[in-house]
Amino acid sequence: MEPSTVATDVGSPTNTPDTRADHQGAVATRSLPGVAYTDPVLYEQELTEVFERAWILAGHVSELAEPGQYVTVDVGREPVLVVRGHDGELRAMSNVCRHRASLLLEGTGQTRSVMRCPYHAWTYELDGQLAAAPSGQGFACLDRDQVRLPQFRVGVVGGLVFVCTDPGQMSLADMLGPVAPYLEWLNVSGLTVHRSDDGEARWTEDFEENWKVLADNYLEDYHVPVAHPSLVRLVDVKETIGDNNDWSEWSRVPYRTRPSRDPREREYQGLIRRMPGMPEEFEGWMGHVCIWPTTFMEIYPHHIDTWQLEPHGRLLTRATTMTLVHPEADDRARRARELMRELNVDIMGQDVDITTRVQRGVQAPSYHSGILNDEQEFSVIRFQARLRELLPRIAELEATATGARSVASS
Amino acid sequence: MPRPDASHPDGWLFLPPEVEALVPRLLARLAETGGGSPDEVERDLRDRIETLILEGDAEQWRSFLREVTAMVAEYAGEDAEARRVLASVLDDQFLLVRAVLDLEPPDLEARGRLAQAGATPPSSSRV
């Protein structure tokens, strides 16, 4: 059955935006100030207070089934690896050698019975304990028993593996809220990671934009009919349902049943069929998931894409995509996936066009902040409310920007 | 693929969502108090809007707006709130459609009728 939480109209925010300004008797919810998308002090706070405290998607359990299988991910500034131990335990730990700080592992894959640093061959057990270092007699005081890769929290929900470097952070289940039963309901754990012909399990793309520009864009559908007309033909947005807590949300929208006039869209419509293991109630639906801070999921009946943003600089963001498919996907599912990928290439190009414009616009001295639509941009409102709670620098920037605006208008 | 601009054949598809969400239901309310069958009105309008989205173009959309405007303008029932919201949504449509089409005399007439319906006072600042 569907997740126990009652599906609500996603147009109804469940939390009151906490930054509002009176305007002629009405109450407006304003976006972050433009300078928040470039400020170097805020960027440092974001790394420490958002990313290094959040649960970050690292991979899928199918990639970590056997001892020595691993995935890697950056959690803010901390490179992290997750590896299955010989004892069957899943562990998350620093991916930084304790000797001269080289990264130990890259991407995803399978180690031998130990993990070896590619720099000087310091060698670690799969639980992070240093096993040996070459020329060990040359170290004046190396106590191998005292050298261990710092351990972090790891959690698995719906087959997705998350890591968190903050021991004081809430549980993964609490952060996911209604998303956890949604992922279980969709049988995400029964899928496997799709690999390209050359064996790659992740696709990355770098954007010369602040990470929040991209996240804001993903979080709202207000722009969809303007920027992505093909989606207007494919799905019936007004019938969207969903649920959320303060940190995460899921939604789903029905495909239109009548054929599009576009040949490619029409071919795609004819191929839509849910994967084995997906609930019958999901037949004919497309889903979305947003997990704090920057894990997003596109849930199609034939496959699932995860899309994760990592800040690599104030104005540089890396997006990593992982595709989950049914282990026995047939030609029909593969063709549907290919067509959706083609459509998504178009959609991504349209989003890049938009977000590039926004990145330029937020740097304009004349721009302070914008009024948000309480219904169609409520996820942006909620997202930015969390940022305001966690990042005191935003209040400073807003005060400065508001003061400058007052002076300019006086 | 770049974002479709106003000249793109799909450039008008930013218009339907609000209409698709609101107009059939509200017009059904008018039909109910006006003696028609609200379910039929709502279903027919949903089908027509979906057909326009899937097969239509900006000109056909504008024709639809004019037609629906007439239904609102001719309504003589008691549901002033539904009429007010409909008039507001439709008037916004005429203002928005200018991004893809120039308004023509029948569109200006339609706006006038919406204003007369008592819902959308003419505002020179918005034209």
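## Strand pairing, domains and chain contacts

In strand β10 of chain A, A:L130 is the bridge partner of A:Y124, a detail taken, like everything below, from a predicted model. The two strands concerned, β9 (residues 123-124) and β10 of chain A, run antiparallel and are joined by 2 bridges. They belong to an open sheet of 3 strands in chain A, ordered β8-β9-β10 and paired in the antiparallel sense. Its edge strands are β8 (115-116) and β10 (130-132) of chain A, each of which pairs on one side only.

Chain A also holds an open sheet of 7 strands, in which the order is β3-β12-β11-β6-β5-β4-β7 and the pairing is antiparallel. Here the edges are formed by β3 (56-60) and β7 (108-110) of chain A, each with pairing on one side only. On average, and with direction ignored, neighbouring strands of this sheet are turned by 30° against each other. Within the sheet, β5 (residues 78-84) and β6 (residues 90-94) of chain A pair antiparallel over 5 bridges, and A:L81 stands opposite A:M93 in β6(A).

A further group of pairings in chain A involves strand β20. With β19(A), strand β20(A) forms a hairpin that has 2 residues between the strands.

| Strand pair (chain A) | Sense | Bridges |
|---|---|---|
| β19 and β20 | antiparallel | 9 bridges |
| β14 and β20 | antiparallel | 5 bridges |
| β13 and β20 | antiparallel | 2 bridges |
| β5 and β6 | antiparallel | 5 bridges |
| β9 and β10 | antiparallel | 2 bridges |

A:T321 of β20(A) stands opposite A:W203, A:T323 of β20(A) stands opposite A:D305, and A:L324 of β20(A) is the bridge partner of A:V193.

At the level of domains, chain A is divided into domain 1 (20-53 + 177-397) and domain 2 (56-164). The centres of these two domains of chain A, taken over C-alpha atoms, are separated by 30 Å. Their contact takes 20 residues from domain 1 of chain A and 17 residues from domain 2 of chain A. On the side of domain 1 of chain A that touches domain 2 of chain A, at least two residues each come from α1 (40-50), α3 (179-185), β13 (192-193), β19 (304-313) and β20 (316-325) of chain A. By class, the residues on that side of domain 1 of chain A are 10 nonpolar, 6 polar and 4 charged.

Between the chains, 17 residues of chain A are in contact with 15 residues of chain B. The elements giving two or more residues to the side of chain A that touches chain B are α5 (224-227), α6 (229-234) and α8 (331-362) of chain A, and α8(A) gives the most, with 5 residues. That side of chain A has 7 nonpolar, 3 polar and 7 charged residues.

Within chain B, helix α4 (residues 80-96) and helix α5 (residues 105-116) pack with their axes 10 Å apart and at an angle of about 155°. Because angles over 145 degrees count as roughly antiparallel, α4(B) and α5(B) are therefore roughly antiparallel to each other. The crossing in which α4(B) passes α5(B) is left-handed. The contact is made by B:A87, B:L90, B:D91 and B:F94 of α4(B) together with B:D107, B:A110, B:R111 and B:L114 of α5(B); by class, the contact of these two helices has 5 nonpolar, no polar and 3 charged residues.

Methods. Residues are numbered from 1 along each chain as its sequence is written. Chains are lettered from A and ligands numbered from 1 in the order in which they are written. This is a predicted model: local features need pLDDT of at least 70, side-chain atom pairs count only at pLDDT 80 or more; totals for chains, interfaces and linings use all residues. Two residues are in contact if their C-beta atoms, placed from the backbone, lie within 7 Å. Helices (H or I, at least four residues) and strands (E, at least two) are DSSP runs, numbered from the N terminus. Ala, Val, Leu, Ile, Met, Phe, Trp, Tyr, Cys and Pro count as nonpolar, Asp, Glu, Lys and Arg as charged, and the others, Gly among them, as polar. Domain bounds come from an automatic or database domain assignment. Axes are lines fitted to C-alpha atoms, for helices over the stretch in contact, and angles run from 0 to 180 degrees between N-to-C directions. Angles under 35 degrees count as roughly parallel, over 145 as roughly antiparallel, 65 to 115 as roughly perpendicular and the rest as oblique. A crossing is left-handed if the near helix is turned anticlockwise from the far one by less than a right angle, and right-handed if clockwise. Two strands pair if DSSP finds at least two bridges between them.
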